[in-house]
Amino acid sequence: MVSGELELGEKRMGYQAEPDLLQEVKPEFAVDPETPNGSVPGPLPEVRLTRRRWAIVFLFSSYSFCNAFQWIQYGSINLIFARFYDVTPFTIDWLSMCYMIVYIPLLFPVAWLLDKKGLRFIALAGSALNCLGALVKIGSVKPSLFPVTILGQVVCSLAQVFILGMPSRIASVWFGPGEVSSACSIAVFGNQLGIAVGFLLPPVLVPNLMEKEKLAYHISIMFFMTAAVATALFILVLLVFQKKPPYPPSRAQALIHSAAPEEYSYMQSIIHLFRNVNFVLLIVTYGLNTGCFYALSTLLNRMVMLHYPGEDLNAGRIGLTIIVAGMVGALISGIWLDRTKAYKQTTLLVYIMSFVGMVVYTFTLEQGHIWVVFVTAGILGFFMTGYLPLGFEFAAELTYPESEGTSSGLLNVSAQIFGIIFTISQGQIIDHFGTQAGNLFLCAFLFIGTVITAFIKADLRRQQANLRNEQTNTLGKVPHNSTVPLYEESKL
């Protein structure tokens, strides 16, 4: 049935850059030359898109929204919670930083579970923990119960470990090659929207009152609302979320499906990722950019209140402006990538503009005109938070056919590490030298990240796989010694 010596370069642990083409036969067979006795694993599955993919990505985006809201709900009214629980503002900062701390040691176990158990198991675990954490917080609305609110936040931070690595995996498993970047942007969109609402809603629901009894009442309303939403979303995940679609959505996924399960080694995958120089550089640059965003988000309320006393609501609105602008940037970049596949150029341009935006924001924060801060914060947010899905998708391209959950998880670990370092360092710099010095500290690292990004080579392996298989289906018989040109962006 198969003419000539057929080779397949894409299997989960055996990627080759220039495999020979398969002759167009029906059904298509993927033959691995390293398979014992040259056996044929079987035909490639039929490629088909399902309508459920949109329900999956929007449902994920929704419970990611809820978890992100719980991350920033303390930081957006930092001084109010500090007075209510009679602790320092820096102690309240740790309620945000615990998200970053918990993620680091749990990345690899959760990434392993994602590969072994699939999307549904991880989605159920993440939404269940998010719901449980919200319910625990309901019992912490007394000044003496600060340890209970810590417990609730730690449980929510556990949920985050099951959430952050999912966007690129959902996009690859459920969406076609012309949709993956847009789908990833939608998945990240929910997280950003949750942070935006986390900046906006807490200052409205919890006014700056001196009486702790009244404060407790308003805090309880916020916690009850959050728990109700988290519970409803968990039920929806239980009813709707599936492990994978009945058919692979792309040729790249079909090739992965055709590989025998025993061929995949999780530890070998980790080793392959760290041998990929371009991906290692992306880990560093993604961590620098996203770490700056985490620090800026955590300390924004303190910085604005130092220069604009009494502007609690506007401090939250500035945070909202940063995130909403970033969501627009993320969606635009996702659509742009699906049309152009210009990953390297787009990532570098967005990084440069993030650095420029941070410099402008730094020198306008202290000018005494809060409307100027809104404008510069919006420009900064458009590029800085718009960069997040770019990093996930660029990583998926550079590391195919390795697991997207593992590659995006490593990006997030880098972001958490730099986020902790930057938040603590910038907080101390602000306390001793002022906000401008603290923001210049972030500017320096964004500049370093921009320079490193310029050295990342655009080796778009996932696009190569899809292109080769499309040509396999349209070309006739191809000579054995012919190869398909590599799909790689032109260098700047």
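Biologist: Are Arg-302 and Asp-93 buried or exposed?

Modeller: Arg-302 and Asp-93 are both buried. Buried means under 20% relative accessible area, exposed over 50%, and partly exposed in between (1.4 Å probe, protein chains only). Arg-302 has a relative accessible area of 13%. This is a predicted model: local features need pLDDT of at least 70, side-chain atom pairs count only at pLDDT 80 or more, and totals for chains, interfaces and linings use all residues. Residues are numbered from 1 along each chain as its sequence is written, and side-chain values use heavy atoms, with hydrogens and water left out.

Biologist: How many salt bridges does the structure hold?

Modeller: A salt bridge is a side-chain nitrogen of Lys or Arg within 4 Å of a carboxyl oxygen of Asp or Glu. The structure holds three. In one, the closest N and O atoms of Arg-302 and Asp-93 are 2.6 Å apart. That pair joins helix 11 (residues 277-307) to helix 3 (residues 89-117), distant parts of the chain. Helices are DSSP runs of H or I, at least four residues, numbered from the N terminus.

Biologist: Which residues are linked in a network of salt bridges?

Modeller: Asp-93, Arg-302 and Asp-431. Asp-431 and Arg-302 have their closest N and O atoms 2.9 Å apart. Asp-431 lies in helix 16 (residues 404-433), 129 residues from Arg-302.

Biologist: How many disulfides does a search of the whole structure find?

Modeller: A disulfide is a pair of cysteine sulfur atoms within 2.5 Å. The search finds zero.

Note on methods: Helix = DSSP H or I, 4+ residues; strand = E, 2+ residues; numbered from the N terminus.
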